[in-house]
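Here is a short report on helix packing and aromatic pairs. Please keep the structure open while reading.

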Amino acid sequence: SCVGVEEEEAPDIDIYHCPNCEKTHGKSTLKKKRNWHKHDTGQTTEVKPVQNGSQVFIKELRSRTFPSAEDIVVKVPGSQLTTEYLEENGFAEPILVPKKDGLGLSVPAPTFYVSDVENYVGPERSVDVTDVTKQKDCKMKLKEFVDYYYSTNRKRVLNVTNLEFSDTRMSSFVEPPDIVKKLSWVENYWPDDALLAKPKVTKYCLICVKDSYTDFHIDSGGASAWYHVLKGEKIFYLIKPAPANISLYERWQSAANHSEMFFADQVDKCYKCTVKQGQTLFIPSGWIYATLTPVDCLAFAGHFLHSLSVEMQMRAYEVERRLKIVSLTQFPNFETACWYMGRHLLDTFKGLHKAGQQPPAHLLQGAKILNGAFRSWTKKQALAEHEDELPENFKPAQLIKDLAKEIRLSENASKASKADTSANTTPEELCPAEKEEPPSPLQVTPPAPPLEKLPKKKTPKTVKTPKQLKPSKPPKPPKPPKPPKPPKTPKVKGEGKKKGKKAKESPPPAIPNLDLLEAHTKEALTKIETPKKGKAAKNVLSVPNKEAAGKQNEVEKFEVREQNKSKTEAKWKYKNSKPDSLLKMEEEHKSEKTPLSGNKDNKFTFSFSNKKLLGSKGAKPQLNTSVFGSLQNFKEDKAKPVRDEYEYVSDDGELKIDEFPIRRKKNTTKRELP
């Protein structure tokens, strides 16, 4: 300011002349504009990667064709965009509202323009301005930017995207859409008297001149965004937040030369969506997008967190932390918003349970993910960097514990009701459910350590958790009476201290099915004991009860393995997906036990689970064909969700899921048959 040089002019000056020398030597000399494809005008022109935002880049971008966003953008009239609509249809794809009628959105008349913004926000207000050609930010007074905007000869392309005006006189002219107010965590659950002030992200004014470009980004905190174009138009380049795309985005952002790479070239599809004057676009959580302004444009926007995509918000937040991105539209105190939401969910669930109702599935899933994040933020080694965002007077440990309890209650109740309906269904119908069920307990609560202790503390009531069953999965599908079992697992795991008790308490939801189980078992046992079955069956059954349980468990595993032998290709697939140590153990195991499996003459198979023996004479053909398929499916099903769920939970590798506990606990598998 002393020497009269504007911050954004400084990089262009080659030789500076002070005010005294200007009289004799003329003005400071500027660098020659030798290469328009680069931001830095003073570089030599040998290598020519085009930099994002440069004039050449904008020209190329305008001439390119992209898939039309009509494939992914949903057009909804403002009056139809309600919370019920979003809960039913989800909010995973952008929504374009052609007219603002019915949205509950208030904006000034289209005659309102940039000079009015200056008037109502205040000319002295300091704003962040992006120099598009250089993709650099600098600060300016609003009046200086407005002078630039109205100047006839604009030397640079400047862009204001983060003028948050909720604390100015202009705030009274703009109200976000009703749907945003209803969904927003900050709006609804952040106390007004909190020590940490509410994040100011609800009202942004965007003043963009022709050819303004904002490179690809995910909104801070994985927040969703709304944009309303008051004047001009804006083009959005939209990329789905598929896990592969998010990984590519992370890699691109961390590359030193990412400003020379157009991110849309690296992904499968990038959609082009033009938002015209008077239209409103809602962008869901996690979407990666860039914007181009083809004509001068004045727009309003806002960011909000909500319960329909908690998982995506959390994943985007983790990416942002890993990349250490500080954006101009930062979402401050993201974790605080999550804590307040966690408390609200706890109260909601308590109220619903008192009334004998169940929370909606998306809230239950959201609560699980939030509780997982709370745990990772309050671990000893992580607490230091997260405690600043913990709201005052909060007892995190108590909240985590209570929320886990409410989640379990909800899950048990919903599974009990599922069990009632599934008691009448056929085994074939049950198969898909069986395969999908086991991953859910894994997602319930991140802390894995309790798993190690599980088998010791268990009472004879539970035979195996889905985790332990994994290696010997195939016998599972043909058993209708199984579904009552999964509810026990979350109970056991969720609360380390009370495992034994919980296991005992969990059976009540399963009562409706017990008679059916009894009948089924008796029938099965009589079938097995009939002489037709030959010696093998008698040999096994004549063993005293305690050993029978253990041995039958083994036999069942070996039969599965024998069946698999014939399907060599699949077997190799399965084998290769196991750790070496496990394979070795299996080999030794086989050599020890060959005589036993040799007895078996493939005439009968029997599965052992839930303390019952099921003779599967009738189900034999079905079992043989599906055994291996189900195993493969299960392995794949299992691997994906688990990794996905927990990618965000903690970066320090804290979370380990014990995939093959059954091998280690070989000596503890003796159990009594009734």
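Predicted model: local features only at pLDDT ≥ 70, side-chain atom pairs only at ≥ 80, totals over all residues.

**Helix contact**

Helix α8 spans residues 243-254, and helix α9 spans residues 310-323. Their axes lie 10 Å apart and meet at an angle of about 20°. Angles under 35 degrees count as roughly parallel, so α8 is roughly parallel to α9. The crossing of α8 past α9 is right-handed.

On the α8 side, the contact uses P243, I246, Y249, E250, Q253 and S254. On the α9 side, the partners are M312, R315, V319, R322 and L323. The residues of this contact of α8 with α9 include 6 nonpolar, 2 polar and 3 charged.

**Aromatic rings**

The count of aromatic pairs is 28. Two of these pairs are set out here.

| Pair | Centre to centre | Angle between planes | Class |
|---|---|---|---|
| F145 and Y148 | 5.6 Å | 45° | tilted |
| Y249 and F263 | 5.9 Å | 75° | edge-to-face |

F145 and Y148 sit in helix α5 (residues 142-150). They are 3 residues apart, about one turn of the helix. Both F145 and Y148 are buried.

What does the pair of Y249 and F263 tie together? Y249 lies in helix α8, while F263 lies in the loop between α8 and β11 (271-275), so the pair links parts 14 residues apart in sequence. Y249 has 2% relative accessibility and counts as buried. F263 has 0% and also counts as buried.

Y249 and F263 belong to one aromatic cluster, along with F57, F66, Y213, F216, Y237, W252 and F262. Y249 is also one of the α8 residues that meet α9.

Methods: Residues numbered from 1 in each chain as written. Heavy atoms only, no water. Axes fitted to C-alpha atoms, helices over the stretch in contact; angles between N-to-C directions. Helix = DSSP H or I, 4+ residues; strand = E, 2+ residues; numbered from the N terminus. Parallel < 35°, antiparallel > 145°, perpendicular 65-115°, else oblique. Left-handed = near helix turned anticlockwise from the far one by under 90°. Contact = heavy atoms within 4.5 Å. Nonpolar A, V, L, I, M, F, W, Y, C, P; charged D, E, K, R; others polar. Phe/Tyr/Trp six-rings, centres within 6.5 Å; stacked < 30°, edge-to-face > 60°. Buried < 20%, exposed > 50% of the residue type's maximum accessible area, 1.4 Å probe, protein only.
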